[in-house]
Amino acid sequence: MKAEPSNQYIYIVQSSKEQSVCKIGKTNDLERRLSDYNNQTGKSKDNVYNYLFTCEVADMTAVEKDIKAEFPKFREQKSREIYFFNNDLFADYVNFIKSHKLFVKEIFIKTEEPKVEKVIKVVKKTTPSLKERGITAKDVMDEAKKAKDDEFYTRYEDIEKEVSMYDKEIWKNKVVFCNCDDAVDDTDDRNSSSFALFFMHNFNKLGLKKLICTHYGGGLDIFNQGVQGYVAYISVTTDGEHIHKEFPKNYNGSFDHPISLKILNEEADIVCTNPPFSRAADYWKIVIRSRKKFLIISNHTNVKNDAYIPYFIKKQVWAGYNEVLWYNNSKKQLAKASGYWFTNFPVQNRPKYKNLKIVPLKEIPEKYKKYDDSKTLLVDNCYIPSNVKKPFAVSVYPIVSGILEKGYKIVQEKQYRPFINGKEIFARVLIQKI
Ligand SMILES: C[S@@+](CC[C@H](N)C(=O)[O-])C[C@H]1O[C@@H](n2cnc3c(N)ncnc32)[C@H](O)[C@@H]1O
């Protein structure tokens, strides 16, 4: 007698405590697998696993293997199926799975809502009640989710590593402005942002004229600086550091507050920070409009998002030298996320050029080239066809590895969303040989 084939599922699960990553795995029993996860944590109130996506597949081992091959850079550890998580990456994972030839159907499982009282922790003690503020618990949860996405604090060594790649002359006699919660604490370095510390420590080495840092009062206050925004003016002379803080009335320290904008437009020469993920599009717009020089960290997938593609086309921004994968979270523990440096400073001899495999189409292995329903060529794994004249679509990696400096241009202002056999697969950027 032939045995009934057992059900095979692929799932994406996430712990409420670690929202910068997710696990992509396989199982024959979705319910049991989820309760296994929750039993591990004793289902403690503040650590609950929930499925973000579940589906049935024809061969879970094959699909799981292909996911690993497709997203090698986003895996945390080779032995576990932990992947970086943010909304764009999640959409890529789901698109990839849904467009896989072994995908059968999506399964919808009711997930547990995070407890409201946990999320409310991000609201300041001085905040009036939800009713008084005219908002619902759901609004608070949405805000908390955004705040979660912004909880990645840059490590000193990542700033040091990136800055060391540029000509030192670019800093000489310049006013550097760090404008996204770059707190300065004169008594305890642990309460200063790494950007503030780095530029204070290297003030003379870089030949800076002035450093201006703002503290944002509306966030999680990881630097223990309180709810009142401030502007810190710093200079370093032979007598040491001179820090002067101003607390203008009603100033929250937001990068788009009129006081911050005035500093940006009238005083700053170079802007350098890691802006909040949830406000990155507004931040880029303001900084690029200011025509100031900048060196900032943002999500690497910005390269293929509609809000940012026009800046790459107009050559108002390009990738810096390094990716930034590790941050401190609000508990000052290491947390992984996929950031990249972006700048408008010249980048010389980009080491990442070596990732680009520019070869004739016939030399690209079959598994890395395919045509979508509109007959557009899609290439992966940093392969670039040297002899194709028509536009073709690539992932973000060739872009951050410098393909736009190698005789190729972006030809569509919006991200390219390919369909194969009517199913949407992950979005890319449409480029063409010049
Ligand atoms: C990704 S963290 C980076 C913090 C710091 N710049 C660093 O690199 O360590 C983004 C910070 O921006 C703050 N933030 C959120 N909204 C902001 C706004 N409108 N203006 C300035 N900062 C904001 C968040 O509270 C968070 O501290």
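In which sense, antiparallel or parallel, do strand 3 and strand 5 pair, and over how many bridges? Select strand 3 (residues 49-57) and strand 5: they pair in the antiparallel sense over four bridges. Helices (H or I, at least four residues) and strands (E, at least two) are DSSP runs, numbered from the N terminus, and two strands pair if DSSP finds at least two bridges between them.

Before continuing, note that this is a predicted model, in which local features need pLDDT of at least 70, side-chain atom pairs count only at pLDDT 80 or more, and totals for chains, interfaces and linings use all residues. Residues are numbered from 1 along each chain as its sequence is written.

Remain at strand 5 and select E106, which is the bridge partner of C55. Now display the whole open sheet, whose five strands stand in the order 4-2-1-3-5 with antiparallel pairing. Its edge strands, each pairing on one side only, are strand 4 (82-84) and strand 5 (103-107). From one strand to the next, the twist averages 30°. Axes here are lines fitted to C-alpha atoms, for helices over the stretch in contact, and angles run from 0 to 180 degrees between N-to-C directions.

Next, select helix 3 (residues 87-98), which packs on this sheet and touches strand 1 (9-15), strand 2 (21-27), strand 3, strand 4 and strand 5. The direction of helix 3 makes about 20° with that of strand 3. Two residues are in contact if their C-beta atoms, placed from the backbone, lie within 7 Å.

**Second stop: a hairpin**

Select strand 8 (residues 230-237) and strand 9, which pair in the antiparallel sense over seven bridges. The two strands form a hairpin with two residues between them. Within the pair, V236 stands opposite E241 of strand 9. Strand 9 (residues 240-246) lies largely in the open because the number buried among its seven residues is zero; a residue is buried if 20 or more other C-beta atoms, placed from the backbone, lie within 10 Å of its own, exposed if 12 or fewer, and partly exposed in between.

Finally, select the ligand and the 20 residues around it, of which T154, D181, Y216, G219 and N274 come nearest. A residue is near a molecule if its C-beta atom, placed from the backbone, lies within 6 Å of it. This shell divides into eight nonpolar, eight polar and four charged residues. Ala, Val, Leu, Ile, Met, Phe, Trp, Tyr, Cys and Pro count as nonpolar, Asp, Glu, Lys and Arg as charged, and the others, Gly among them, as polar.
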